[in-house]
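This report concerns helix packing, a chain interface and local backbone geometry in a multi-chain structure. The sequence and the coordinates are shown first.

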Amino acid sequence: MTEAKIRTEEMLLNMGPQHPSTHGVFRVVVRTDGELILESQSHIGYLHRCFEKCAEGNNYLQVVPYTDRMDYLCAMMNNWGYAASIEKLTGIEVPERAEYIRVIVAELNRVASHLLAFGTYGLDIGAITPFLYAFRDRERILKIFEKLCGQRLNYSYVRIGGVTFDMTDEILSDIEAFCDYFDPKIIDEYDNLLSYNGIFISRTANVGVIPADLAISYGVTGPSLRGSGVPRDLRRDAPYGIYDRLEFDVPVGSGEMGQVGDCWDRYMVRMREMRQSIRLVRQAIKDIPDGPFCDKKAFRGVKPKAGETYKKVEGARGEVGFYVVSDGTNIPYRVKARAPSFCNISILDKLTSMSDVMLADLVAIIGSLDIVLGEVDR
Amino acid sequence: MARLEIGQIIAVLKEKLPEAVSEEVLDGVDPVIVVKAEQWAAVAELCRDDSRLGFDLLSCITGVDYPEREEGAEIEVIYNLDSTANLHELTVKVKLPRSDPRVASVEGTWATADWHERETYDLVGVIFEGHHNLVRILCADDWVGHPLRKDYEPPDSFHGIKNVIY
Amino acid sequence: MTEIENRNPDPLTKNVVLMTAVDDIINATRANSVWPLTFGLACCAIEMMATGAAKYDLDRFGSGPFRGTPRQSDLMVVAGTVTHKMAPRVKRLYDQMPEPKYVIAMGGCVIRGGPYVKHGYHVVKGVDLVIPVDVYIPGCPPRPEALLEGIFKVQKLMKREKILDRTRRTTKPEVYQPV
Ligand code: SF4
């Protein structure tokens, strides 16, 4: 039989919503020609938990726990984003000490979130060991958080007007010990383990290249945008809290292993960000002042004047924004959450139709965008 | 490239499209401009393409339902624009009648608007004209109603599953 | 012989000694190699992953291998929020699992809707409206230790399984059929 006689057919394949490498309940239908993906269509909403409706039914303080559950991997930053938007609306002043504590916990949470991204990305690509290593160190951070606020995942720690509990000296020394343990020894270990592994590089370099202008047009933010070489970081570009007093670099992808904006770049931005986060934590611990850690009055309830505002902070996955409309009562009239993963994953369909993507690369691309479905669907 | 104040942004908009901005609310927490619905598509293009403005990132689209306004029931669609190069931002509002909320889609201007508009359609029920695939995105395909309308009543059951309300 | 008789005091079925022993063997092997289905839905799934990973190490109790397909698994840990859009899939996955199968409902959301019970129009208020549940683990999220305890409970249930007795399944509540 000659080659021409072998008939090939296009096939419609469904991946998800229950699929180990979609990081949750994301569903994508792909039209394939052999191993090659011709076109894909993403379906989301399998975890639509009605955050915005819940926010309209509870008072301002009660909404905080719901923000945790949007992006459960970096709950601190979501809390902060929401708290910051209400503080902007009401004009509540946050005590200095609380601002420092917020930076410490948010950056630690960013490390924990990137660790999970690192571990599961390895798992997606076929390396199981990094997953176990990442969880080993993530547990150390969770232990600190547990000491601090009693929860392992959904902290509700950053609240309107400050933070829930004070940071004791014991916890501060725990955090310092963690920083010394983690940076640089452990991150170097990770780099040896996965980042510069030959198989890993050939699976991720030159795969899923996102050009910078396309990324911006699709609203991609956070490490995924920085992987495409755009140095946009809200901590530096639109400083909130005390970030303007601290020193840190914004790592961007440079196409070391392939083209700028490929999966490896996005992955590496996260690894480099962890070092910067530890650097921020160290600085914040060094000059943390004494004083109150919350605005007691705001903890009893807030009642903003009628008005509306949009406030954005830099989460672990990108721009976390809250558009809050107040009608003068103690219940929000409307809270809209701008979730970074929602925008980041919307580029997937474009990527698969734009370039030649193999079926196995699809997993690599989804993993490198690092989505959290709780946030995509809210 | 430089960061512009809100006054300068409005001046640039008025220079090109004198009729478009119908209202400026500058005394709120965030300055907001209200744009006429029929001009919004043109304003959006201008916002993106004018190098002084350079709003290349559409952060967020919010739909807000106001069933009890004195001037008639309204739905507001709010667009948060951001410039990655100039580092300024702008909040644009479009006011639509609640009975027939229609506004032009800006999917061609910012690709991210595709999913944001589908979400706003799904939850608030705003119709974006010219959108290539305006179907539900978050709720199930055969869901009835738009949950974030203020008068929304959740169904008693959906496909045989009771929706118990405690 | 006395020992075997002690185990089966029922005079009517005294002769079925062999069946009891087979039950015990099968149940012991089954209970010590529980294969859960990877079924992460939301926040609780992260705790489920943590249970399987380095520190809590689920493998110690013989239920390490998280399977990607329902056809190879005998335990479904529903970890996370089940929504109306997801419910038919949950049901289908459950139907695809081979008998005997067990379900753990992990977290407040799958028990009765959790934090979303009042305003969550799109949240199924309890996964037991869709599939039968054997063990409930409360918490938001439950700690990994709680999930371990839940798995021990399932192992206990497995040890009570009788290969000739199918009543355990027939007495389960009427469950919904997706339209
Ligand atoms: S019970 Fe709590 S932690 Fe678990 S899925 Fe529901 S909201 Fe998330």
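## Basis of the report

The structure is a predicted model.

## Helices α4 and α5 of chain A

Two packed helices are described by the angle between their axes and the distance between the axes. For helix α4 (residues 96-125) and helix α5 (residues 129-149) of chain A, the angle is about 155° and the axes lie 8 Å apart. Because the angle is over 145°, α4(A) counts as roughly antiparallel to α5(A). The crossing of α4(A) past α5(A) is left-handed.

On the α4(A) side, the residues in contact include Val105(A), Leu108(A), Val111(A), Ala112(A), Leu115(A), Leu116(A), Phe118(A) and Leu123(A). They face a set in α5(A) that includes Pro130(A), Phe131(A), Ala134(A), Phe135(A), Ile141(A), Phe145(A) and Leu148(A). By class, the contact of α4(A) with α5(A) comprises 15 nonpolar, three polar and two charged residues.

Gly150(A) follows α5(A) and has a positive phi, near 80°.

## The interface of chains A and C

The size of an interface is often given as the accessible area lost when the parts come together. Between chain C and chain A about 3,000 Å² is buried, and 65% of it is on carbon and sulfur atoms. Which three residues supply more of the area that chain C buries against chain A than any other three? They are Ile46(C), Tyr116(C) and His119(C), with 19% of that area. In terms of residues, 33 of chain C are in contact with 35 of chain A.

Helix α5(A) also packs against helix α3 (residues 43-52) of chain C, with axes that come within 10 Å and cross at roughly 110°. An angle between 65 and 115 degrees counts as roughly perpendicular, so α5(A) is roughly perpendicular to α3(C). Phe131(A), Phe135(A), Arg138(A) and Glu139(A) of α5(A) meet Ile46(C), Met49(C) and Ala50(C) of α3(C). This contact of α5(A) with α3(C) has five nonpolar, no polar and two charged residues.

## Helices α11 and α15 of chain A

A further pair in chain A consists of helix α11 (residues 263-286) and helix α15 (residues 359-369), whose axes are 9 Å apart at an angle of about 30°. The two helices, α11(A) and α15(A), are therefore roughly parallel, and their crossing is left-handed.

Cys263(A), Arg266(A) and Arg270(A) of α11(A) make this contact with Ala364(A), Ile365(A), Ser368(A) and Leu369(A) of α15(A). The contact of α11(A) with α15(A) divides into four nonpolar, one polar and two charged residues.

## Backbone features

Most residues other than glycine have a negative phi, and most peptide bonds are trans. The peptide bond from Asp183(A) to Pro184(A) is cis, with omega near 5°; Pro184(A) lies in helix α6 (residues 169-195) of chain A. Another cis peptide bond joins Cys140(C) and Pro141(C), with omega about -10°. Pro141(C) is placed in the loop between β4 (135-137) and α6 (144-159) of chain C.

Asn206(A) is not a glycine, yet has a positive phi of about 65°. This residue, Asn206(A), is in the loop between α7 (198-204) and α8 (212-217) of chain A.

## Chain B in outline

Chain B contains three helices and nine strands, in the sequence order α-β-β-α-β-β-β-β-α-β-β-β. The C-alpha trace of chain B spans about 60 × 35 × 30 Å along its principal axes.

Definitions and conventions: Residues numbered from 1 in each chain as written. Chains lettered and ligands numbered in written order. Predicted model: local features only at pLDDT ≥ 70, side-chain atom pairs only at ≥ 80, totals over all residues. Heavy atoms only, no water. Axes fitted to C-alpha atoms, helices over the stretch in contact; angles between N-to-C directions. Helix = DSSP H or I, 4+ residues; strand = E, 2+ residues; numbered from the N terminus. Parallel < 35°, antiparallel > 145°, perpendicular 65-115°, else oblique. Left-handed = near helix turned anticlockwise from the far one by under 90°. Contact = heavy atoms within 4.5 Å. Nonpolar A, V, L, I, M, F, W, Y, C, P; charged D, E, K, R; others polar. Buried area = accessible area lost by both parts, 1.4 Å probe.
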